[in-house]
Amino acid sequence: MFGAGAMGSLIGGLLSSRHDVTLVARQDHVDAIRRCGLRVTGMTELCTQPWAMTEVPAAPQDVVIISTKAYDTRVAVAALRRFWHTSLFLTLQNGFRNADIIARKADRVAAGTTSHGVTYVREGLVRHAGLGDTYIGTFRKVTTEEVKELAREFTSCGFPSAYSEDVRRDLWMKAIVNAAINPLTAIAKVENGRLLQIPQLHALMRQSCEEAAAVARAEDHQIQAAEAIKITERVALRTAANRSSMLQDIERGRRTEVSQISGAIAEAAERRGIPLPVVNALRLSVSELERHA
Ligand code: KPL
């Protein structure tokens, strides 16, 4: 598991109940895990002791899961060079370009989306604050059977996952969800569920989904606005108590994934000549917050 922030720690922790898992993480997180184990609270309660290190391990790995921030994907792939021709790579990140970046180097790539809400509380401890769906699909030189097997293994470790027939569409759908929920929660400094309770924020969330869905359609993914809105509302409801990853980044004075989510949608919109007033306003506001953080 390369990148053990909130999401990587949850998944890595769960997988370690049945598998030999190595988390590659920041020094303070690694030190805490080595001292007291990795703790997950909330919807999942566990304390586990996966291998944790700051360097890429030397031993061969069956599966390499990348769960870094999307702006770190290139660096992650370079660091994982020794597995390019031997391991199955799986990306479980925000943004829809990660699998393409990984597939430029790694031979075998699967891609997935997950909409669980997870908060990084402090080193060694994450909170599973909201349930979500996880879909995994083939991307490059991976068989359907291998991906189904992965999904089954994830499920049996307590991380329910399903095989996706069209993971590129799922990646777009997830980006639409993130482009609505993440900037709004980061700007308003509210938990995801508040977007459904504050009418003005709810209206902006819906408009953002409408705009981004039009871009997805122009990119040949059949995503209607009504479906995008319904899925986004469902994610906000199920992760109501979570602080989005973008809000967590702003609060910790860190760089956000706004360029890799809303920025990527904006680039596609510009290529296609599609106006994107709400998505762009939210994107620019987050960039300003980020600049001042
Ligand atoms: O992906 C997320 C994120 O915060 O990045 C959601 C699903 C919106 C959960 O907060």
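Trainee: Where does the model come from?
Mentor: It is a predicted model: local features need pLDDT of at least 70, side-chain atom pairs count only at pLDDT 80 or more, and totals for chains, interfaces and linings use all residues. Residues are numbered from 1 along each chain as its sequence is written, and side-chain values use heavy atoms, with hydrogens and water left out.

Trainee: How many helices and strands are there?
Mentor: The protein has 12 helices and 11 strands. These are DSSP runs numbered from the N terminus, with helices being H or I of at least four residues and strands E of at least two.

Trainee: Which strands make up the open sheet of five?
Mentor: The order is β5-β6-β7-β10-β11, and the pairing is mixed. At the edges are β5 (63-66) and β11 (162-163), each pairing on one side only. Two strands count as paired if DSSP finds at least two bridges between them.

Trainee: Do β10 and β11 run parallel or antiparallel?
Mentor: Parallel, with two bridges joining β10 (residues 134-140) to β11. I136 has Y163 of β11 as its bridge partner.

Trainee: And what about β8 and β9, how many bridges there?
Mentor: Five, in the antiparallel sense, between β8 (residues 117-122) and β9 (residues 125-130). T119 stands opposite R127 in β9. The two strands form a hairpin with two residues between them, and G124 in the turn has a positive phi of about 85°.

Trainee: New topic. Where does N242 lie?
Mentor: In the loop between α9 (225-238) and α10 (245-251).

Trainee: Is N242 buried or exposed?
Mentor: N242 is buried, because its relative accessible area is 4%. Buried means under 20% relative accessible area, exposed over 50%, and partly exposed in between, using a 1.4 Å probe and protein chains only.

Trainee: Which residues is N242 in contact with?
Mentor: Leaving aside neighbours within four places in sequence, N242 is in contact with G117, V118, T119, A129, E191, N192 and Q248. Contact means heavy atoms within 4.5 Å.

Trainee: Back to the whole protein, what share of the residues is buried?
Mentor: Of the 293 residues, 55% count as buried.
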